[in-house]
Amino acid sequence: MIQPDQKIIRFLLADDHSLIRQGLVFVLEDIDMEYEVFQASSVQQTLEFITSHPVDIAIIDAHFPDGNSLSIIPELKRLRPEIRILIFTGIEEDVHALKFINAGVNGFLSKLNEEDEIRRAILKIITHGEYISPKTQALLMNSLHNRNLISPFLSLTEREFQIAEMYAEGLGNLEIANRLDIKQNTVSTIKKRIFDKLRINNLVELIELYKNHC
């Protein structure tokens, strides 16, 4: 937690585009505070920096050439329990915000927002420890009544999700059947149930859905 008497706030700006990082620096310059800025351009650099440096607020893109930042959120929170993480990204808020919030981030902000909203989001993170946009607030409320908004995979049984994961990894029916020691017909039957529950028609859609929610 940022203490009221803390003189310097330490920011990590993590994005693979230097122009985005520089733009955030300009926004920080407009805020009346003492701060220090560090930068990272990859998932690996982000993880390494937070491992070795005290950071109060990390503003992180969702996707980097070397991976998805969603995969490191739990580790960042384990390493620095008091860190505040704001996802600043171009991906769709209504599709992705809840999975990042559920992973432990403190805010989700679209790069399509105007500069005033970006500044307001950063101030909210500084003063209140979180930033929840009206759109994400609505998603959170709706998710109380529809768990599929958090992840459509929550509708699957444990075995169905296990097989969905294997399909997403590129395995075929025979490989899945051999690995689980079940018949190919059983795999095909479960595959149909998975498609029906997720409302998809093919493996390409399954892989895309898995990439977006897992």
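Predicted model: local features only at pLDDT ≥ 70, side-chain atom pairs only at ≥ 80, totals over all residues.
Biologist: Where do I start? What does the secondary structure of the chain come to?

Modeller: It comes to ten helices and seven strands. The C-alpha atoms fill a box of roughly 65 × 35 × 30 Å along the principal axes. Of the 214 residues in the chain, 44% are buried.

Biologist: How many salt bridges does the count come to?

Modeller: A salt bridge needs a side-chain nitrogen of Lys or Arg within 4 Å of a carboxyl oxygen of Asp or Glu. By this rule there are eleven. Take Asp30 and Arg119, whose closest N and O atoms are 3.3 Å apart. Asp30 sits in the loop between helix H1 and strand S2, and Arg119 in helix H5, so the pair ties together parts 89 residues apart in sequence.

Biologist: Are Asp30 and Arg119 buried or exposed?

Modeller: Buried means under 20% relative accessible area. Arg119 is buried, at 18%. Asp30 is partly exposed, at 49%. Both residues also belong to a network of salt bridges with Glu115 and Asp116.

Biologist: Which parts of the chain does the Lys111 and Asp61 pair link?

Modeller: Their side chains meet in a salt bridge at 3.4 Å, N to O. Lys111 is in the loop between strand S7 and H5, while Asp61 is in the loop between strands S3 and S4, 50 residues apart. Asp61 is buried, with a relative accessible area of 7%. Lys111 is partly exposed, at 23%.

Biologist: And a local pair? What separates Glu75 and Arg78?

Modeller: About one helical turn, because they are three residues apart in helix H3. Glu75 is partly exposed, at 29%. Arg78 counts as exposed, at 55%.

Biologist: Now a charge without a partner. What is the nearest side chain of opposite charge to Lys99?

Modeller: Glu92, 8.5 Å away. Lys99 is buried yet has no salt bridge. Its side chain does make a polar contact with the side chain of His96, at 3.0 Å. Lys99 is found in helix H4, residues 93-103.

Biologist: Last, helix packing. At what angle do H7 and H9 pack?

Modeller: Read the angle and the axis distance together. Here the angle is about 95°, with the axes 10 Å apart. Angles of 65 to 115 degrees count as roughly perpendicular, and H7 and H9 are therefore roughly perpendicular to each other. Residues making the contact include Ile163 and Tyr167 of H7, and Ile190 and Ile194 of H9.

Terms used: Residues numbered from 1 in each chain as written. Heavy atoms only, no water. Helix = DSSP H or I, 4+ residues; strand = E, 2+ residues; numbered from the N terminus. Buried < 20%, exposed > 50% of the residue type's maximum accessible area, 1.4 Å probe, protein only. Lys, Arg positive; Asp, Glu negative; His and termini not counted. Polar contact = N/O pair within 3.5 Å; in protein donor to acceptor, adjacent residues only side chain to side chain. Axes fitted to C-alpha atoms, helices over the stretch in contact; angles between N-to-C directions. Parallel < 35°, antiparallel > 145°, perpendicular 65-115°, else oblique. Contact = heavy atoms within 4.5 Å.
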